[in-house]
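We will take one stop after another.

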Amino acid sequence: MKRLLQSKLITDYGMVLVLVLLGALVTWATWGEQHPDDPGAGKHLANGIVELPGDDTHVAVVVRQTKSDTEYAEAIATQLKDKGVTVAAIIQARTPRDARVELVKLGEQQVRVNAIATHHFCFSTWGVLQQSALDGLAANYPSLKGVKPFKPASRMGSTFLSKKNLVSILNQNAPIAIMAIGMTFVIITAGIDLSVGSLMALSALITAVSLRDWFGGPQASSLGLYSAFASAMLVCTLCGVFVGLMVTSFQVPPFVVTLALMMMARGCSFILAGGADSVDIQASGAELLYSGTIFGVPNQIVLMLVLFVLAHVVMSHTALGRYVYAVGGNAQAARLSGVPVFRVIIVVYAICGAAAGLAGVLDASHFTSGRPKAGEFYELQVIAAVVVGGASLMGGEGKIFGTFIGAMILAVIQNGLNMQGVDSYRANVVYGALILVAVLLDQLRNRSSRWA
Amino acid sequence: MIDSSSTVPLLEMKAISKSFPGVRALNNVDLTLHSGEVLALLGENGAGKSTLIKILGGAHTPDEGTVFIDGKQTRMDSPTAAQRAGVGVIYQDFNLVPALTARENIFLGQHSHLLGRTKKSEERRKAESLFKRIGIDVNIESLCRDLPVAQQQIVAIAKVLSLDARIVVMDEPTAALTPREVKGLAAVIDELKSQGIGIIYISHRLDEIEQFADRITVLRDGKHVGGRPIGQITRDEMIELMVGRSLENEFPKAKSQAGDVLLTVKNLSRAPVVQNISFSLHRGEILGFAGLVGAGRTETVRLLFGVDAKESGEIWLDGSKVNITSPAQAIRHGICLLTEDRNSQGLVSGMSVQENFGLANMKWFSKLGFVNSKNEGLAFNNYVDQLTIKVTDGSQIAQTLSGGNQQKVVLAKWLQQNAEVLIFDEPTRGIDVGAKYEIYLLMNELAAQGKAILMISSELPEILGMSDRIIVMHEGKVAGEITDPAEVTQEDVMRLATGSVMATM
C-alpha cells in the first residue's frame, strides 16, 4: 500500500485518478435505459417516420410545455416538413387531459392524423397515448383512423456520461471554478479570501443597477453592456486591492479582512437591490454572455478553460508565479531576496477579486438579473475546490491544474448525488465527508513520500 | 572517570542500522555511554548524528540493532517509551512554549489526565528543587519568551530532569549562547555528571568539546569511524576523523589587498538596538563584526540592507549617498545579505535550488514577465561548478541540502547579481568543518576579486582568523576597532565586547 501511494503516478496524478474513479462510479450508478428526448433524437425520430410505408403520413407531435420539449418538437416538425411529410399539429400540453382535448379537437375538425410523434416520458406515462386509448379515439373520429404513437428508441447508457450532462456539469460549475483560480493564487501565498461569494453578488448587482441607471436601461447598447460588466469587475478588483493593502500595510490577518468584506459586500448587494429579491436586467443582449456558444461550447466553459490555461502559464512560467510561490513558501526569505512581497500580495487579492467579479457578471447574464443572494456559501465551495486540488492552506504549495481537478471532483460528486436522487440534506453530509476523504488521501500520500 | 570494564554501561546501542528511501543513514553503528560521563558525538552534517539521536529518543525505529539500558534490552518505539526509559533529548530550539511560564513548560504533558487539576504549589516546589539540583536560579513564574536564551536552556534541562532522565542528549546546546553563558552551562554539565547522569553532547565547536567531553565518538557517512578519550586526541585529529582527510589550517586566511573605500556608513541608528554606528568598508577586505549575541550586529546590517527602517544615518556607496528603504533597493545597489538562518530567511526551503537562485535574479532571467528557465538553468549550473555545490540537479528542493551547500546556493544567487558588498551573517553557523573551510576559501577569493565583505561572527577564532579588520559592538554601539587582528587575542576582543574597555587598538 505504501509503495503504491509513493509511485510517481500517484504522487503526480493522484487527484486525476480520484476524478476518474469518481466518474466511473457515477457512470456505474447511473447506468440504465436511456430515453433520448433532445433535438437530435427528434430529428432521428422524424427520419424514421418518413420511412414509414405509404405516402400518406400525417403527424401530430405531442409533448409537454417545457423549453426542451419545444426544441424537441420543433426539430421533429422541421425535419418532417423538409422530407415532405405533413405535420398536422404540434400539441404542447400541460397535462394528459389537455392532450386528449387537443386530439379530440383535431378529430372534430376532421384533420387527418395517423401518426403521433412523442418521447418516452409522454409515451409511457400519458394514458391518452396508449394504443388502446388511441384506438378508442379513432373509433369516434374517422380522421384519426389507424393512428399510432412513435418515440425514439431507448438504449442502455449512463445519464452521467451523456454529452448533455457533462456540458451542463461544466457550465454549472464554471463560476465556482473561475473563482477557484483566484483563490488558488491567494491560498498559495498562505492567505485566504472569504469574500468571493459576496463579491460575486455585489458584481451581479452593480451590473444590473448600473445598466438600469447609467448605461441605457432597456435600450442599452453593447458598449453600455460592456461598460456595466467592466465596472462591476473593476469594483471587485478594487475590493481585492483593498484586502491586499489591509493585509500588507496594516498586517490585518486575511481571514479577518475578508470576513469583514464578505459581510459588507453582501450588505451592499442587498442595499443596491433595494430590498427586492432581484434587480431585472431589461437590456437586450445581456443574456448572450451566458447563453452564447463558441463552436457549440457555451461561452462560460470556454472562458473558464481559457482562464485556467492563462493562470497555469502565469504560475509556472512567469516571474509573478515564481514570486507567488516564494511569498507563500517563506515571505521573509522572499523579501530578503528582493521580491516585492507587498505588491505580490496585493496583486494576488486583486486577481481573486476580479475572478469573483467575473463570476458575478456571468451570474447576472445567466439570470438576466442581479440577485443579492447569488453566491451564498460559494466561498466555502471555492476553498474546498482549491484544497481538494492539493493546495496547502499553509502556503507555498498548489497547482492551477490541481484546482481544476479539485473543482471537477466536487462537481462530479454533486452531480452524482443529484442524479441518485439523494435529497439535499443527505447530499450535504456525503459531500462534506467526501471532501474530507479526498484531502485525507492527499495527506497520506504526502506523509508517505516525506521520508526524513 | 568511571572504569568502563567493571560496570554495566548506562546505555549501549548495538549494530544500529537505518535506511530511508535512497539513503543509508546509519550503517551498523555502536555507541556506549557510561553513567557520569560526557560523550561528544561528532560528525559532519549528514553523517547520521541526528538519525542516531532520533532513534535514541524514540522518534525513529531502527531497521536493525538493539538498545540496552543498564544492560537490559529496551524497545524505544515511541518518544514516550524513550522518556520512560530515562532518555531526555534537548533539541537545539528547546521545544518550549513561549507563552507558558517556566514551571508550566516543565510540567507540560505530565498531568495524569486532561481535566487533572494542576497543583501549582507542588509543581513550584518540584521546579525549585530541580533548579537547585542544576545549580542555577530561574524565575519559575516568568514566561519563557521573556527569559534569556541561556535560561530557556536551563528550563529545557529541568524539563528532562523532571522526567527522571538519566541519559541527557544535548543537540548544539551552545549555538545561541554567549561565551559567558557557555561557562554557566559547563558548570551545569559538571553538576549533572556528579549526579551520575550520562550526557551525549553534539556540537560543531571543537574547543567546547575539548572542554566538556570525557570521550568522543565520530560518525562519518552513517558509519562509526572511531572514538577516543579526550586526552588522547588533538583537534586536528578530530577534524581528520570527521572529514576523512586532514585540513592544513582551520582558517585559510589570505592576506588581501584593501582597495578604495566602497561603502561608508555614517551614524546609522534605530534606538535602542543600533546607536550611531559609523564605519567604512574597503574593496578587497574582510571586515569582521564581533560582539555578544544581542549587541546589535545583525540589526545594524538589517538597517543597511533595508529590511528594517533606519531612524537616522547615511549610507554612501562609491562616494555617493544612496537611499535604501527595502531589500530590493539594497540589491539594486549591489549590497547583498547572506542571513544567519538560511532555512528561515535565506532560502524558500520548499522551492527548488534553481528557483531560489532565480528568485533574486528575475531581471536577468525573465522577459516581459516570462521566465526563461533554460538561461536560468545554464547560469545556475555555472555556479554549481564554480562553487562546487553538491546538488543532483537544479530541481532539488532547497531544504534537502546540507547547510554548507545551502549557503553556497545563497551565495550563487548574489554573485549572479554582481554584488559588490557581501554581508555574511554567521556564515558558518551550523555548517560542518569541511564545508566551513570551503566557505572561507570562497570569501578569500571574493575579496581577492575586489568585493567588499562584511562578516558577522560570534566565533572569536573565526573573527580573528578571517578578518582584515574588526569592529567590536557592545549594546548597540561601536565599542572599538581592531586594525590588526593578528596582534590581538580572543580575550582582547571579549573585553571590548563585554564593555569592560572602550578603546581602539
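Start with chain B as a whole. Of its 505 residues, 55% count as buried (under 20% relative accessible area; exposed is over 50%, partly exposed in between; 1.4 Å probe, protein chains only).

Before going on, know what you are looking at. This is a predicted model, where local features need pLDDT of at least 70, side-chain atom pairs count only at pLDDT 80 or more, and totals for chains, interfaces and linings use all residues. Residues are numbered from 1 along each chain as its sequence is written, chains are lettered from A and ligands numbered from 1 in the order in which they are written, and side-chain values use heavy atoms, with hydrogens and water left out.

**Stop 1: the whole chain**

Show chain B as a cartoon. You will find 18 helices and 22 strands (DSSP runs numbered from the N terminus: helices are H or I, at least four residues; strands are E, at least two). The radius of gyration of chain B is 24 Å, close to the 23 Å of the globule rule for 505 residues, so chain B is as compact as a globular protein of that length. That radius is taken over C-alpha atoms, and the rule is 2.2 Å times the number of residues to the power 0.38.

Now think about contacts (heavy atoms within 4.5 Å). Take those in chain B with a separation of 6 or more: residues 24 or more positions apart account for 66% of them.

**Stop 2: confidence**

Colour by pLDDT, the predictor's confidence in each residue, from 0 to 100. Chain B has a mean of 85, and 94% of its residues reach 70 or more. Which helix of chain B has the lowest confidence? Select residues 235-243: this is helix H8, at a mean of 79. Then select strand S20, residues 452-456, where confidence is highest, at 95. Next, pick residues 1-5 of chain B, where pLDDT stays under 50. Where pLDDT is low, the predicted coordinates should not be read in detail.

**Stop 3: helix H18**

Select residues 490-497 of chain B. The buried residues of this helix are Asp492(B), Val493(B), Met494(B), Leu496(B) and Ala497(B). What do they pack against? Their partners are helices H6 (179-194) and H17 (460-466), with strands S13 (286-291), S21 (469-474) and S22 (477-482), of chain B. Just after H18(B), click Gly499(B): its phi is positive, about 80°.

**Stop 4: Glu172(B)**

Go to the loop between strand S7 (167-171) and H6 of chain B, and pick Glu172(B). Is it buried or exposed? Glu172(B) counts as buried, because its relative accessibility is 10%. Leaving out residues up to four places away in sequence, Glu172(B) touches Gln92(B), Ile202(B), Ser203(B) and His204(B).

**Stop 5: Glu459(B)**

Move to the loop between S20 and H17 of chain B, which holds Glu459(B). Glu459(B) is buried too, at 18% relative accessible area. Beyond four places in sequence, Glu459(B) touches Arg205(B) and Lys436(B).

**Stop 6: Arg302(B)**

Finish in helix H9, residues 297-304 of chain B, at Arg302(B). With a relative accessible area of 19%, Arg302(B) is buried. Show chain A as well: neighbours within four places aside, Arg302(B) is in contact with Gln332(A), Val307(B), Asp308(B) and Gln345(B). Last, draw a distance from Arg302(B) to Ile423(B): they are 121 residues apart in sequence and 10.0 Å apart in space, C-alpha to C-alpha.
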